[in-house]
Amino acid sequence: MKKYYLTTPLYYVNAAPHIGHAYTTIAADVLARFLRAKNRPVHLLTGTDEHGAKIEEASREAGLPVQEFTERNSAAFRELWQHLDIRYDDFIRTTEPRHESRVQECFAKLLKSGDAYKGRYRGYYCVSDETYWTETDAPPDEKGRRLCPNTECRKPLQEVEEESYFFKLSKYQEPLLKHYRENPSFLLPPHRANEILRFVESGLQDTAISRTKVKWGIPVPGDPEHTIYVWFDALLNYITAPQSSEAFTEIWPADVHIVGKEIYRFHSVTWPAMLMALGLPLPKSVFAHGWWTVDGEKMSKSRGNFVDPREITGEFGVDAFRYFLLREMPFGNDGNFSLDSLRKRYNAELANDLGNLVNRVVDMVDRYLGGALPGRTKQDTPSLAKEFTAQGPTIDAHMEELNFCGALILIWKCVGRLNIHINEKAPWKLVKTDPEATREILFDLVRCLRIVAGWIEPFMPQTAAKMHAQIGVRQFPVPLSPEQVLAGESAGTGKILKAPPLFPRK
Ligand code: ME8
């Protein structure tokens with residue numbers, strides 16, 4: 001059975017991973033966990049992009065041999081993913097032999113078909129973005145400098161003239177436009193599609209795909225004076241990672257490439273054109289999410305304001321960090337990160353709304369039922385758990401559309417509903433007159449908490465596990481959907497577990 005194949009970008013190893021890298025990878029992990037919980041076979045690929053001028057320069061600045069430098073920095077990404085509870089299925093480094101040899105094969109194939117040819121490149125190059133720019137893309141500013149036209153970058157460009165291999169991108173202009181027209185869910189989210197359509201309609205130029213001035217790269221087969229342009233090399237990772245043709249057919253075509261908006265063009269124009277040239281099916285969609293600023297400013301080396309995920313998790317925990325990133329900024333939009341807004345959401349939504357709720361319910365079961373979990377009552381009257389179950393399909397639809405924020409908003413509406421319900425029913429009063437009705441209410445509340453725990457598992461796996469332990473879920477596999485929760489109850493067994501608050505107030 002074909003697996004749902006999702007990917008993150010391969011991150012450059014020039015510097016330590018920051019909140020932006022964590023964001024994309026957490027989003028991919030959340031989607032993968034959601035799908036696994038639905039018993040969908042999933043393949044999540046991430047990795048590191050290790051060749052090219054940018055890495056060569058950074059290793060020189062660090063005073064380390066480039067291999068050692070990339071080794072060390074790639075490991076930092078893997079360690080961070082472990083820390084952030086990212087469960088990927090494969091991690092690819094572009095310096096691995098499995099990748100390098102297949103990149104050379106692809107290059108040779110394009111040479112043979114005539115889709116790659118030798119020429120001469122004259123123009124400008126941004127090392128930071130590893131991007132070619134033309135004279136008209138980057139006119140000189142008032143000081144006579146040519147700066148990278150990417151507004152997120154604006155670094156000075158290098159003037160380059162060198163012999164270069166080119167990829168016949170121009171040939172794919174019409175086929176690309178046709179593909180976009182016929183596959184409206186290829187360019188996601190829809191509000192970003194126009195930018196790509198305008199760009200392709202305005203005319204595609206052939207692009208350079210090799211460098212002679214950069215030594216740290218994969219040699220062009222049969223012409224080792226040239227190394228393969230880092231983007232041509234890196235994009236291919238999505239197909240070089242599977243080791244065998246069986247593994248390849250299990251995952252390809254990818255279901256979604258999740259990328260930041262600044263590399264959307266590479267993924268929605270260059271990459272599908274490369275695949276067409278290689279005679280391979282195209283991914284089903286490319287999803288570009290927005291960018292984080294920090295306290296209203298762009299993150300940059302000169303400002304020194306890169307947010308280190310470990311600093312945040314050290315204070316607030318891994319789950320709160322994962323939750324905040326996906327709750328604060330709708331996936332696809334831009335947003336701002338600040339400790340202040342993180343603290344506000346932490347205290348209001350995690351400590352108060354959810355943490356307190358779990359505490360209250362566990363406490364009441366302890367007090368009024370001696371800690372024994374309430375079992376199904378005789379009538380099983382219309383209950384909140386049934387109302388919650390009706391929300392399941394909408395939450396699932398949001399998740400499938402990568403609308404993580406929408407899903408969380410809906411889940412928290414349910415959490416709010418539980419808090420109101422407790423206040424209205426006031427079990428602490430009711431227990432004095434009607435213990436059976438109290439039991440029924442507590443049974444419903446525990447069931448609802450089990451449903452909530454299943455919904456939040458993709459976002460906050462540690463919290464879901466703690467909730468399951470506290471509310472007596474001993475089944476394996478743990479019930480993660482409302483249907484599984486409702487089907488899996490054994491009446492009146494087990495005990496609640498009293499535990500410290502899920503989210504101590506900050
Ligand atoms: O571009 N906000 O790697 P990279 C949100 N190697 N996301 C951000 C972000 C921010 N401020 N900053 C970075 C490369 N990201 C290439 C990719 S793929 C074949 C090659 C995230 O290390 C976002 O996902 O610069 C963005 O696309 C990625 O990091 C860029 O990582």
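View 1. About 50 Å³ of space lies in the second largest cavity, where a cavity is a set of points, on a 1 Å grid over the protein atoms alone, at which a 1.4 Å probe fits but cannot get out, and where a volume is the space filled by probe spheres set on the points, with grid points joined across faces, edges and corners. The model is a predicted one, in which local features need pLDDT of at least 70 and side-chain atom pairs count only at pLDDT 80 or more, whereas totals for chains, interfaces and linings use all residues. Residues are numbered from 1 along each chain as its sequence is written, and side-chain values use heavy atoms, with hydrogens and water left out. Lining residues have an atom within 4 Å of a point, and for the second largest cavity they include Tyr 125, Glu 130, Arg 211 and Trp 216. By class, this lining has seven nonpolar, three polar and two charged residues (Ala, Val, Leu, Ile, Met, Phe, Trp, Tyr, Cys and Pro count as nonpolar, Asp, Glu, Lys and Arg as charged, and the others, Gly among them, as polar).

View 2. At least two lining residues come from each of H1, helix H14 (384-400) and helix H17 (435-456) (helices are DSSP runs of H or I with at least four residues, strands are runs of E with at least two, and both are numbered from the N terminus), and H14 contributes the largest share, three residues. Domain 1 (4-289) and domain 2 (339-486) each give at least three residues to this lining, the domain bounds being taken from an automatic or database domain assignment. The lining of the largest cavity divides into 10 nonpolar, two polar and two charged residues.

**View 3. The second largest pocket.** This pocket holds about 340 Å³ of space, a pocket being an open set of points with protein on both sides within 12 Å along at least five of seven lines. Of its 16 lining residues, Arg 36, Ala 37, Pro 477, Val 478 and Leu 480 are the closest to its centre. Helix H1 (19-37) and helix H18 (461-470) each supply at least two residues of the lining, and at least three come from each of domain 1 (4-289) and domain 2 (339-486).

**View 4. The shell around the ligand.** A polar backbone atom of Leu 10 is 2.7 Å from a nitrogen atom of the ligand, a polar side-chain atom of Thr 24 lies 2.6 Å from a ligand oxygen atom, and a polar side-chain atom of Asp 49 lies 2.7 Å from a nitrogen atom of the ligand. The protein covers 94% of the 670 Å² of accessible area that the ligand has on its own, as computed by the Shrake-Rupley method with a 1.4 Å probe.

Technical notes. A polar contact is a pair of N or O atoms within 3.5 Å; within protein, one must be able to donate a hydrogen and the other to accept it, and residues adjacent in sequence count only if both atoms are side-chain atoms.
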